[in-house]
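The following note sets out points for a colleague who is reading this model. The points concern confidence, fold, the interface and selected residues.

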Amino acid sequence: MLQIVWLLFTREWRLAWRRPGQLLNPLVFFAIVISLFPLAVGPEPGMLRTMAPGVIWVAALLATLLSLDGLFRSDYEDGSLEQWVLSPHPLALMVLVKVLHHWLVCGLALVLLSPLFGLMLSLPSRVLPVLALTLLLGTPVLSLLGAVGAALTVGLKSGGVLLALLILPLYIPVLILGTGAVEASVQGLPVTGYALWLACLAVLSLSLAPVAIAAGLRIGVSE
Amino acid sequence: MNWSFFHKLGSPKWFYDISGRWLPWFAVATVLLLGIGIVWGLFFAPQDYQQGNSFRIIYIHVPAALVAQSCYVMLAAAGIVTLVWRMKLADVALRCAAPIGAWMTFIALVTGAIWGKPTWGTYWVWDARLTSMLILLFLYFGIIALSQAISNRDTSAKATAVLAIVGLVNIPIIKYSVDWWNTLHQPATFKITEKPAMPVEMWLPLLLTVLGFYALFTVSLLMRMRLEVLRREHKTRWVRDALEKAK
């Protein structure tokens, strides 16, 4: 079991690094979306500070969503997804490895970049660790929930917009808790409660989402 | 326990026969309940001591909201039946109920906005309950979009079922987080729920319209399902016979 996890992980890792440009795309998107906001609403630091938690979180959410669109596509097209479904190993475990790898190359990078953008949107520096922590807890949920949508739309040609339509309403709790934590921290209030709730959502989606992703993939492959 | 009725539900022909017999009863119930309830509510129920006559929109608003919410639970239940027992009728029900649920949510939102103007002075506030209804509408849109995007009927049925179940798991989380978000950002200024207890003359018509809306939902769902069943089974003998008889 551990061996298959390791094999899958190294496969994903190698595939990802063969095309390093694709790894960067979500990050560049994240950066551009955030930079649009000061241009649109004006460079006034006070206003940027109030908007910063929401802007960074919405940008992270959209970047994750965009990067998930093609998550299963190449595996679906070259037939390796069918081999996954046919293999004796539990499909839920295999997709979990795939999604976690996706999070590692996309979500984690967003987490590491976020303090920089927090600083640019003039968040006080004591808030930046909180911002990174909430993103660290929240982005796995985004990846896992989004993968459910990606699995359900795997065989479809116009998957992108549909994926957003299916998944964005489900992202709302993460968005509320994440921005709530950062705003509380800006006001000097404790954030433990938010962090625990986010961790709770992360554990819940870690345990339930792989089952739904596997079910979605089985349906998509059977077509 | 005798489960044969449950397995019979899987047969489109049986459903078509039995729903044809039920339909007139539900239609009569809809007309009676909605007619009496709305006339009573709009003309004879006493005025609200604070809101005057504007509160009377409650007789449309609350039933629509209730049906909209229970319709989503029904979708998820139909989804579970689709996935577990592979029952085609559950899939038909899921597909036919989603647009009705979306319309009910829409009616609840629109009547809520119309009601909000005289009561709160604005059409829309980001109140927790309004926001949850808006999200419910988006969830319905997602289900309708997915069911239409996949051309293969079986695949579409299963995928929509999975989405409905995932949505149902998420609804309580969304609901609580939105409630929490609202109490964080602004104090709950408006509480529709905490009215002084309604007198009987006010809630009895409400009860009638609620039942009437459920009957209306059943009638439109059965009609849509019958049409869909005919469309799917149009090559079979019994459909041809039934259509011959209808001529």
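1. Helices are DSSP runs of H or I with at least four residues, and strands are runs of E with at least two, both numbered from the N terminus. On that basis, chain A holds nine helices and zero strands. The order of its elements from the N terminus is therefore α-α-α-α-α-α-α-α-α.

2. The model is predicted, and its scores are ipTM 0.85 and pTM 0.87. For chain B the average pLDDT is 84, and 90% of the residues score at least 70. Among the elements of chain B, the highest mean pLDDT (90) belongs to helix 3 (residues 58-85), and the lowest (69) to helix 1 (residues 4-8).

3. Where pLDDT is low, the predicted coordinates should not be read in detail.

4. The overall dimensions of chain A can be checked against a simple rule. A compact globule of 223 residues would have a radius of gyration near 17 Å, and the 18 Å of chain A agrees with this. Along the principal axes, its C-alpha atoms fill a box of roughly 55 × 35 × 30 Å. Of the 223 residues in chain A, 45% are buried. Among contacts in chain A between residues at least 6 apart in sequence, 80% join residues at least 24 apart.

5. The interface brings 20 residues of chain A into contact with 25 residues of chain B. On the side of chain A that touches chain B, the elements giving two or more residues are helix 7 (128-152), helix 8 (159-186) and helix 9 (192-222) of chain A. Helix 8 of chain A supplies the largest share, 10 residues. By class, this side of chain A has 16 nonpolar, three polar and one charged residues.

6. The largest nonpolar core has 133 residues. Those with the most contacts inside this core are A:Ala147, A:Ile213, A:Leu217, B:Cys71, B:Leu75 and B:Ala97. Apart from neighbours within four places in sequence, B:Leu75 is in contact with B:Leu94, B:Ala97, B:Ala98, B:Gly101, B:Ile143 and B:Ala164.

7. The geometry of helix 3 of chain B is consistent with its length. At 1.5 Å a residue, its 28 residues should span 40 Å, and the end C-alpha atoms are 39 Å apart, which agrees. B:Arg86 follows this helix and has a positive phi, near 55°.

8. Is B:Val67, with its C-beta neighbours inside 10 Å, buried or exposed? B:Val67 lies in helix 3 of chain B. This residue has 23 C-beta neighbours inside 10 Å and therefore counts as buried, since the cut-off for burial is 20 or more. Leaving aside neighbours within four places in sequence, B:Val67 is in contact with B:Met104, B:Phe213, B:Tyr214 and B:Phe217. The C-alpha atoms of B:Val67 and B:Leu216 are separated by 9.8 Å, although these residues are 149 apart along the chain.

9. B:Arg240 is found in helix 8 (residues 237-246) of chain B. B:Arg240 is exposed because 12 other C-beta atoms lie within 10 Å, and a residue is exposed at 12 or fewer. Between the C-alpha atoms of B:Arg240 and B:Leu230, which are 10 residues apart along the chain, the separation is 9.4 Å.

Notes. Residues numbered from 1 in each chain as written. Chains lettered and ligands numbered in written order. Predicted model: local features only at pLDDT ≥ 70, side-chain atom pairs only at ≥ 80, totals over all residues. pLDDT = per-residue confidence, 0-100. Core = buried A, V, L, I, M, F, W, Y, C linked by C-beta atoms within 7 Å. Contact = placed C-beta atoms within 7 Å. Nonpolar A, V, L, I, M, F, W, Y, C, P; charged D, E, K, R; others polar. Expected span 1.5 Å × (residues − 1). Rg over C-alpha atoms; globule rule 2.2 N^0.38 Å.
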